[in-house]
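Try each task before reading its solution.

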Amino acid sequence: MASARWPCLILALLSGLVTSGFPRSPSRLLEKRSLPEWAASGIEVYSTKINCKVTSRFAHNVVTTRAVNRADTAKEVSFDVDLPKTAFITNFTLTIDGVTYPGNVKEKEVAQKQYDKAVSQGKTAGLVKASGRKLEKFTVSVNVAAGSNVTFELTYEELLKRHQGKYEMYLKVQPKQLVKHFEIKADIFEPQGISMLDAEASFITNELTSALTKSFSGKKGHVSFTPTLDQQRSCPTCTDSLINGDFTITYDVNRESPANVQIVNGYFVHFFAPQGLPVVPKSVVFVIDVSGSMAGRKMDQTKDALLKILEDMKEEDYLNFILFSGGVSTWKESLVQATPENIQEAKTFVKSITDQGMTNINDGLLRGISMLNRAREEHAVPERSTSIVIMLTDGDANVGESRPPKIQENVRNAIGGKFPLYNLGFGHNLNYDFLESMALENHGFARRIYEDSDANLQLQGFYEEVANPLLTAVEVEYPANAILDLTQNTYQHFYDGSEIVVAGRLVDEDMNNFKADVKGHGAINDLTFTEEVDMKEMEKALQERDYIFGNYIERLWAYLTIEQLLEKRKNAQGDEKENLTTQALDLSLKYHFVTPLTSMVVTKPEDNEDQMAIADKPGEGSVDTVIPSMAFLNSHQPPPTSYYYVDGDPHFIIEVPEKDDAICFNIDEEPGTVLRLIQDPVTGLTVNGQIIGDKSGSPNSETRKTYFGKLGIAKAQMDLRIEVTPEKMTVWSGAAQSAFSWLDTVTVTQDGLSVMINRKKDMALSFGDGVTFVVVLHQVWKKHPYHHDFLGFYVIDGHRMSAQTHGLLGQFFHPFDFKVSDVHPGSDPTKPQATMVVKSHRLTVTRGSQRDYGKGVSVGTKVACWFVHNNGQGLIDGVHSDYIVPDLF
């Protein structure tokens, strides 16, 4: 069985304190042993301990590091721990020379007020940020006086979820120096009994093997890793540590009975994971984004994964492929059975998939859902089978129905609660919150696929999770009027290798017996699994748990309840949302959990004053629905690395300072055409530009110049529209309208908007801190026989625009790379040609130059750039006609 990913103890331990100026020496052989690694910095980490206690899948983890400043002056010491995204921090303490500074969990809004006050005094530090695929990094630093001792202790908890038949502890260990007392210790107690337990490390050598012990017997398991100083050395005479890598513990429990119920102090938890059931046949529709942005490695990896998935499909399954870009196409008109012949034909089809055009998520999903519904209605698939929609996209809807709420409504109505939707978001240039909300309200989930060399394996791993449904329409039932505060107890599917967990509170703690029924539809018949618990027997079992924390089931129930309330809240509105928020917040505060609704406030000593720091819960999506995650951790971000503008005929220029170079391209379209320059579905900002041409009667009509003669800037959330022409600027705020002439020198401010017009020159438009555009006015002689006045558009600051921003300019707000090679003379000796590799395309480009009027028309500066021909084809996503829109707003 494939190895599981258990996010229990993903303790990427950078807790071997990072100290300022800390040397990172390579392994080396010396004739005699050098000074210890801490000697240069003066900070000795003499103890690091990771302690994990797991009781019935609920993990209580404590990371403790102790250090001493052996220098003659005060030194800064930093404590870093990577913890799983699914975990809740519950406590942090900082102790210096016996004085303890605790962390307090508070409502996020209350914490923010305290933090804002501290910001104004310059006494702040953020503690938590996202770190890679599965981790969040907790970091805190403090100045420690000469000779002083410091202890850091971080506690976090989580419910471990069974994945492909196993639970996994994944610890990323990186102490950065030799540690006198280094220890990893895990104690596991499982009332069902432990069936297997293993531990391994990527850095294990023959010398370290004896430091690792693992054992299990009956209900208890134990793992410890306690290397001596000599065992930690990268070589016998070295002073740096070879402990740097992954430490993994996996285990599973006995499954003699399909279910297990445990009751402690009036709270219960019910685990359900039957084995040996036949797999329910499934009908799967793969809805795949084949838009231009999927070109290159993403498309290749997607095809590789689909080919492997096809090999794993069972003959009793049914399938089809729906491809969406600007339009929608299908492999077959209806579902086909996964016979060997059809699978072979499907592989040929997958190999032929190519990228093209825009992103029509709405129509792609609706076509797939309709196909599944029709197959069920026409009895074209077995009666005892189930249906699944799997959708993969790397971007946002930008053609057809592109409003996320409307797409969600359409999909919800089409599915009607009959089967689950699973959304896979490829990369970060998409609205992950939208994908997650849509999946959750249709009984599925969303998963981010990271753009990496193993993306195809990530896709295959996801499919393996849902490949083998054993039960459908699962209901967990308890005696009437006997249970309070029950967590989710209905599930559309139970998949092989997973586990259903339900928790709640007993009305009568003194009841003698407890009965639970699990009902579901199997591949052959309907099944009911009954579990009865004798309360007195349960009390005897409790006496065995001498080293386990006693209120673990109550905390497990609270963790699970908060997690599910937060999921429901993502699709709730009005009073319902407020109600769910209140419940989740109250539980977070009661049980001291750092969740998306709370923050931990840590006060620490700095230069004889107290400095405040905040530990938040970052989210997987781009926007948190209460206060953006990290909103006051990243209070100041650096300006964008690139500089973007469009000016002249219309010339699009992307300056990339880190390359000390620029790329430019033109768009050749008819006067009157409106082009989408920027669209950000998260901030609601849109910028469109309308093209004008030379006056009629212009010579050389075949090469007539075109420019932007009108710009439309809109911000949906503010119900705000701004139209800029060479004559004036008009602002609509709702129904209210105001207009300003280029003859004015005026500053206009209203909520969230500031406009400053510099008479006859330019105007700067700012949407809060982090989004600033400049419109430059180009005026020609009024009696000029051919040319009109026109506009230039410059993005001065766009770092608050979201990762979902797109458009002819907006798509370049995201990091991208290009390489230029084979520079050689062109047909024009003043304009060399070269080969550019960008976005997986190989292009022939020409060296040229454009003017940058960002500082005013009178001081235009010449910018050398590589010109991409054919309307930017190969550089822009899709083709330039994809960016044509019907009107300015």
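The model is predicted.

**Exercise 1. Which residues does Gln301 touch, beyond those up to four places away in sequence?**

Solution. 
- Step 1. Select Gln301 and list its contacts. They are Phe426, Asp452, Ser453, Asp454, Ala455, Asn456 and Leu459, with residues up to four places away in sequence not counted.
- Step 2. Classify Gln301. Its relative accessible area is 7%. Buried means under 20%, so Gln301 is buried.

**Exercise 2. Describe how α3 meets helix α8.**

Solution. 
- Step 1. Recall what to report. Two packed helices are described by the angle between their axes and the distance between the axes.
- Step 2. Apply this. The axes of α3 and α8 (residues 455-466) come within 8 Å. They cross at roughly 35 degrees.
- Step 3. The crossing of α3 and α8 is right-handed.
- Step 4. Name the residues. From α3 come Gln301, Thr302, Asp304, Ala305, Lys308 and Ile309. From α8 come Ala455, Asn456, Leu459, Gln460 and Tyr463.
- Step 5. Sort them by class. The contact of α3 with α8 has five nonpolar, four polar and two charged residues.

**Exercise 3. Is α5 roughly parallel or roughly antiparallel to α6?**

Solution. 
- Step 1. Find the axes of helix α5 (residues 361-377) and helix α6 (residues 404-415). They come within 10 Å and cross at roughly 5 degrees.
- Step 2. Apply the cut-off. Angles under 35 degrees count as roughly parallel, so α5 is roughly parallel to α6.
- Step 3. List the contact. α5 supplies Ile361, Asn362, Leu365, Leu366, Ile369 and Asn373. α6 supplies Ile407, Asn410, Val411, Ala414 and Ile415.
- Step 4. Sort these residues. Eight are nonpolar, three are polar and none is charged.

**Exercise 4. Is Ser329 buried, partly exposed or exposed?**

Solution. 
- Step 1. Find Ser329 in strand β21, residues 328-330.
- Step 2. Read its relative accessible area, 35%.
- Step 3. List its contacts. Leaving aside neighbours within four places in sequence, Ser329 is in contact with Phe321, Ile322 and Leu323.
- Step 4. Check Arg367. Ser329 and Arg367 are 38 residues apart in sequence, and their C-alpha atoms are 9.0 Å apart.

**Exercise 5. What percentage of the protein chain's 889 residues count as buried?**

Solution. 
- Step 1. Count over the 889 residues: 56% are buried.
- Step 2. The chain has twelve helices and 52 strands.

How values were computed
Residues numbered from 1 in each chain as written. Predicted model: local features only at pLDDT ≥ 70, side-chain atom pairs only at ≥ 80, totals over all residues. Heavy atoms only, no water. Buried < 20%, exposed > 50% of the residue type's maximum accessible area, 1.4 Å probe, protein only. Contact = heavy atoms within 4.5 Å. Helix = DSSP H or I, 4+ residues; strand = E, 2+ residues; numbered from the N terminus. Axes fitted to C-alpha atoms, helices over the stretch in contact; angles between N-to-C directions. Parallel < 35°, antiparallel > 145°, perpendicular 65-115°, else oblique. Nonpolar A, V, L, I, M, F, W, Y, C, P; charged D, E, K, R; others polar. Left-handed = near helix turned anticlockwise from the far one by under 90°.
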